[in-house]
Amino acid sequence: MEFYHKSVLLEEVIEYLQIKPNGIYVDGTLGGAGHSLRIAEKLTEGGRLIGIDQDADALLAAQERLKAHQEKAALVHDNYCNMKKALQELGIPKADGILLDLGVSSYQLDAPERGFTYRDMDAPLDMRMDKRESLTAEDIVNEYSERELFRVIRDYGEDRFAKNIAKHIVEERKTRRIQTAGELTEIIRRAIPKKIQVTGGHPAKRTFQALRIELNHELEVLEKSLDEMIDLLNPGGRLCIITFHSLEDRIVKVNFKKNEHPCTCPKDFPICVCGKAPKGKCVTRKPVLPGANELEENTRAKSAKLRVFEKE
């Protein structure tokens, strides 16, 4: 299956990055290189593009898509949390812009064998962003305790029926190993009242999101990487982050605010004594949302939010 992903908020990202023709730009979630291709097209021979992705399929697709710009593009098979190390190995101390598009790609959702979708009943419970990892969503479903499953579905899926879903999963796996999206979806359906299923969207959506986040440590990686990415920027450089659910957006919003106003002194202190200086400013006071035309062309953009931070 061809790696395909329609880039969300493409024009907005290019505008906010304020690309310099000879600048250095990092796409930490390269995917099919939709954003990166537009960045590369704006770079001269003195510019550099570094694309990072933990998905080998994405890297192969990006390599093909960026073929015309291969002299100024370097692709790295890794998680963006290792961005500093990747840049050091390329002899790059700082960047002029960094982009993260945290959404699951259309390819990953549409390829049943990757196990991200709940819409294909025979799809395996895989969900690994990096196929070099051994743990899968199937392992989590079948080996986590009921309490651990409850925590994952409650915290990462924000599902009010998390306790009942976890209970039903544990009961079902006493007789057989749960292996497919269809099997898990049917268990979830039995755990959620039918009247809620009529109006609340697909009943498995929140649980599948929760399993994916837990398996790939998505929120932990994001939270631990933000400060370092800001530190990797040159003065005036910008960090652009596209999120797709409230958990991610909250982490980005809080971090940007902390880096803009880091002082921890009591409000009644006449001067700052903590010594924590601002690293820059949040360019987007409110998140940038897709326009009506984009939403009409790409329904998967409906939950996207873009926030931008500029380094001092």
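I take helices (H or I, at least four residues) and strands (E, at least two) as DSSP runs, numbered from the N terminus. The model is predicted, so I note that local features need pLDDT of at least 70 and side-chain atom pairs count only at pLDDT 80 or more, while totals for chains, interfaces and linings use all residues. Residues are numbered from 1 along each chain as its sequence is written, and side-chain values use heavy atoms, with hydrogens and water left out.

**Entry 1, salt bridges.** I looked up charged pairs, counting a salt bridge where a side-chain nitrogen of Lys or Arg is within 4 Å of a carboxyl oxygen of Asp or Glu. The count by this rule is 28 salt bridges.

I started with glutamate 89 and lysine 85, which form a salt bridge with their closest N and O atoms 3.0 Å apart. Both belong to helix H4 (residues 83–89), and because they are four residues apart there, about one helical turn separates them. For cover I used relative accessible area: buried is under 20%, exposed over 50%, and partly exposed in between (1.4 Å probe, protein chains only). Glutamate 89 is exposed at 61%, and lysine 85 is partly exposed at 47%.

Next I checked arginine 132, which forms a salt bridge with aspartate 130 at 2.8 Å between the closest N and O atoms. Arginine 132 is exposed, at 53%, whereas aspartate 130 is buried, at 7%.

Then I looked at arginine 285 and glutamate 260, a salt bridge with the closest N and O atoms 2.7 Å apart. This pair links distant parts of the chain, 25 residues apart: arginine 285 is in the loop between S6 and helix H14 (292–297), and glutamate 260 is in helix H13. I found arginine 285 exposed at 59% and glutamate 260 buried at 11%. I also noted one network, in which salt bridges that share partners join Asp55, Asp57, Arg114 and Lys131.

I looked up helix H8 (residues 162–172) and helix H9 (residues 181–191), which pack at about 130° with axes 9 Å apart. The axes are lines fitted to C-alpha atoms over the stretch in contact, and angles run from 0 to 180 degrees between N-to-C directions. H8 and H9 are therefore oblique to each other; under 35 degrees is roughly parallel, over 145 roughly antiparallel, 65 to 115 roughly perpendicular, and the rest oblique.

I placed isoleucine 271 in the loop between helix H13 (246–260) and strand S6 (280–282). Isoleucine 271 counts as exposed, at 60% relative accessibility.
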